[in-house]
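Hello,

Here is the structure for you to look through. Please open it alongside this message.

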Amino acid sequence: KFTGRGLGLAAVFGIAQGHGGRIEVTSTPGEGTTMLVTLPVAKAPSKELATTVSKGDSKLSPARCPLIMVVDDEPAVRGFYEKILTPSGVQVVTACDGMEALEHLSKKPLPNLIILDLTMPKLGGLETLKRLRQDFPTLPVILASGFSQNSIDPRELPQFQGFLKKPFTASQLHDSLLSALAS
């Protein structure tokens, strides 16, 4: 992690609580610490997302899965997106920062939508979004952040189609994607 992010324990706690889970910590000096994270069982994702995208986008054939790019510096978060979206019939391509995302976008095929984290090293989400809008003004983008949308100055933001406040559920992710792709 880059400087100033700490160990991320507050984020882990928030994610666990946001999903109805809990964290138990036991620590013994000189022996170590054990953290037990308990989460409720998730429902299987629906096929609604892939079906809606295939029907709603004339560039997609029903046999071709929609392509979504996830840009986040945390490997576990990128893995979460893949785990949630892939069973729904979505292809996921990931990038660890804005620079890698822009490099990928110079190649084909273009994604149908980008999920963009706001806080990343090298090239953060706001600067990445500004550059995206120069070359891809109509590409749908959903911003994701642990901070609330109110903490972002709207005058700094180019157009985006959705905002995901971390932590979020699989259902909230699917709803946000469907809404952004429909707009």
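Below is what was found in it, from the whole chain down to single residues.

Please keep in mind that this is a predicted model.

**The chain as a whole**

The chain has 183 residues, and 38% of them are buried. There are six helices and seven strands. Going along the sequence, their order is α-β-β-α-β-α-β-α-β-α-β-β-α. Take the contacts between residues at least 6 apart in sequence: 59% of them join residues at least 24 apart.

**A helix pair**

Two packed helices are described by the angle between their axes and the distance between the axes. Have a look at α4, residues 98-105, and α5, residues 125-135. They pack at an angle of about 20 degrees, and their axes are 9 Å apart. An angle under 35 degrees counts as roughly parallel, so α4 is roughly parallel to α5. Their crossing is right-handed.

Which residues make the contact between α4 and α5? From α4 come Gly98, Met99, Leu102 and Leu105. From α5 come Thr128, Arg131 and Leu132. Sorted by class, the contact of α4 with α5 has four nonpolar residues, two polar ones and one charged one.

**Two backbone points**

Most residues other than glycine have a negative phi, and most peptide bonds are trans. Two places in this chain are worth checking against that.

The peptide bond between Lys166 and Pro167 is cis. Its omega is about -5 degrees. Pro167 sits in the loop that runs between β7 (162-165) and α6 (170-182).

Lys122 is not a glycine, yet its phi is positive, at about 65 degrees. You will find Lys122 in the loop between β5 (113-117) and α5. Is Lys122 buried or exposed? Its relative accessibility is 74%, so Lys122 counts as exposed. The cut-off for exposed is over 50%.

**Phe168**

Phe168 is also in the loop between β7 and α6. Its relative accessibility is 6%, so Phe168 counts as buried. The cut-off for buried is under 20%.

What does Phe168 touch? Leaving out residues up to four places away in sequence, Phe168 touches His19, Phe80, Tyr81 and Leu173. Gly18 is another residue to look at here. Phe168 and Gly18 are 150 residues apart in sequence, but their C-alpha atoms are 6.9 Å apart in space.

**Two residues in α6**

His174 lies in helix α6. With a relative accessible area of 9%, His174 is buried. Its side chain makes a polar contact of 2.8 Å with the side chain of Ser88.

Ser176 is in helix α6 as well. Ser176 is buried too, with a relative accessible area of 12%. Which residues does Ser176 touch, not counting those up to four places away in sequence? They are Ile142 and Leu164.

**Where to look in the viewer**

Start with α4 and α5, which pack with their axes 9 Å apart. Go on to Lys122, in the loop between β5 and α5. Then find the cis bond joining Lys166 and Pro167. Phe168 is in the loop between β7 and α6, and Phe168 touches residues including His19 and Tyr81.

Best wishes

Key. Residues are numbered from 1 along each chain as its sequence is written. This is a predicted model: local features need pLDDT of at least 70, side-chain atom pairs count only at pLDDT 80 or more; totals for chains, interfaces and linings use all residues. Side-chain values use heavy atoms; hydrogens and water are left out. Axes are lines fitted to C-alpha atoms, for helices over the stretch in contact, and angles run from 0 to 180 degrees between N-to-C directions. Helices (H or I, at least four residues) and strands (E, at least two) are DSSP runs, numbered from the N terminus. Angles under 35 degrees count as roughly parallel, over 145 as roughly antiparallel, 65 to 115 as roughly perpendicular and the rest as oblique. A crossing is left-handed if the near helix is turned anticlockwise from the far one by less than a right angle, and right-handed if clockwise. Contact means heavy atoms within 4.5 Å. Ala, Val, Leu, Ile, Met, Phe, Trp, Tyr, Cys and Pro count as nonpolar, Asp, Glu, Lys and Arg as charged, and the others, Gly among them, as polar. Buried means under 20% relative accessible area, exposed over 50%, partly exposed in between (1.4 Å probe, protein chains only). A polar contact is a pair of N or O atoms within 3.5 Å; within protein, one must be able to donate a hydrogen and the other to accept it, and residues adjacent in sequence count only if both atoms are side-chain atoms.
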